[in-house]
Amino acid sequence: MKAARYHISEQSYLSIDDIPIPEPADGEVLIKTIYCGICGSDLTRFRNLANPPQSMRDLLGPVSKVIGHEISGKIVGLGTNVPKKWQDGTSVIDSIALAHPQVGCGECSWCSAGFWAGCTGRKGSHLIGLQRDGGMAEYVVVPFQNLGLYPK
């Protein structure tokens with residue numbers, strides 16, 4: 001599949017790379033990306049590619065994860081322990097969804113309440129499109145708990 005990633009080196013650049021389609025793990029879904037917005041943080045990183053500060057080099061590494069954290073798409077695959085049907089009985093597969101980019105530990109009281117940005121767990125929280133592959137790709141894997149549905 002095609003995916004956008006930063007390459008940080010002497011001549012830093014953004015490229016569209018061929019990488020494998022990800023597999024959803026336990027509690028995750030595979031989404032075929034329909035739309036991924038470009039955020040101000042994406043633009044800031046892009047504008048700093050010519051001379052990336054050390055903090056950006058440390059954050060992204062030599063080749064970044066797939067960028068993009070404002071994601072919507074069609075659910076096309078389910079990992080283990082993901083329900084096959086919504087509470088109303090409709091199929092999860094082929095549903096159109098959006099993904100909340102903040103991923104929490106899933107264990108602390110904040111995560112249990114659905115407030116991943118307040119995560120206090122041992123693993124802490126991380127972002128889709130920064131610490132894990134994001135939506136500037138043909139497919140992206142997202143935790144099921146991070147989904148919101150588009151109204152029909």
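**A walk from the core to the loops**

With a relative accessibility of 4%, Ser72 counts as buried, where buried stands for under 20% relative accessible area, exposed for over 50% and partly exposed for the range in between, with a 1.4 Å probe and protein chains only. The model is a predicted one, in which local features need pLDDT of at least 70 and side-chain atom pairs count only at pLDDT 80 or more, while totals for chains, interfaces and linings use all residues. Residues are numbered from 1 along each chain as its sequence is written, and side-chain values use heavy atoms, with hydrogens and water left out.

Ser72 sits in strand 4; strands (E, at least two residues) and helices (H or I, at least four) are DSSP runs numbered from the N terminus. Between the C-alpha atoms of Ser72 and Pro20, which are 52 residues apart along the chain, the separation is 20 Å.

A nonpolar core is a set of buried Ala, Val, Leu, Ile, Met, Phe, Trp, Tyr and Cys residues joined through side-chain atoms within 4.5 Å, and the largest one here has 16 residues, with Val29, Ile31, Ile75, Val142, Phe144 and Leu147 making the most contacts inside it. At least two residues of this core come from each of strand 3 (28–37), strand 4 (70–78), strand 5 (96–99) and strand 8 (139–143), and strand 3 gives the largest share, 3 residues. Leaving aside residues up to four places away in sequence, Leu147 touches Val29, Ile31, Ile75, Trp86, Ala97, Leu98 and Val142, a contact being heavy atoms within 4.5 Å.

Two polar side chains can be followed next. Gln102, in strand 6 (residues 102–103), counts as buried because its relative accessibility is 18%. Its side chain makes a polar contact with the side chain of Ser125 at 2.9 Å; such a contact is a pair of N or O atoms within 3.5 Å, of which, within protein, one must be able to donate a hydrogen and the other to accept it, and residues adjacent in sequence count only if both atoms are side-chain atoms. Apart from residues up to four places away in sequence, Gln102 touches Trp116, Ala117, Ser125, His126, Leu127 and Asn146. Ser12 lies in the loop between strand 1 (2–7) and strand 2 (13–18), yet Ser12 is buried, since its relative accessible area is 15%. The side chain of Ser12 reaches the backbone oxygen of Ser9 at 3.0 Å, and Ser12 touches His7, Leu49 and Pro52 when residues up to four places away in sequence are not counted.

The loop between strand 4 and strand 5 holds two backbone features. Most residues other than glycine have a negative phi. Asn81, found in this loop, has a positive phi near 60° although it is not glycine, and with a relative accessible area of 68% Asn81 is exposed. Asp94, which lies in the loop between strand 4 and strand 5 as well, is another non-glycine residue with a positive phi, of about 75°.

The structure's largest cavity is lined by Tyr6, Asp42, Arg45, Leu60, Ser64, Lys65, Ile67, Gly129 and Leu130; on a 1 Å grid over the protein atoms alone, a cavity is a set of points where a 1.4 Å probe fits but cannot get out, and lining residues have an atom within 4 Å of a point.

How values were computed. 1 Å grid on protein atoms, 1.4 Å probe; cavity = no way out; pocket = protein on both sides within 12 Å on 5 of 7 lines; lining within 4 Å.
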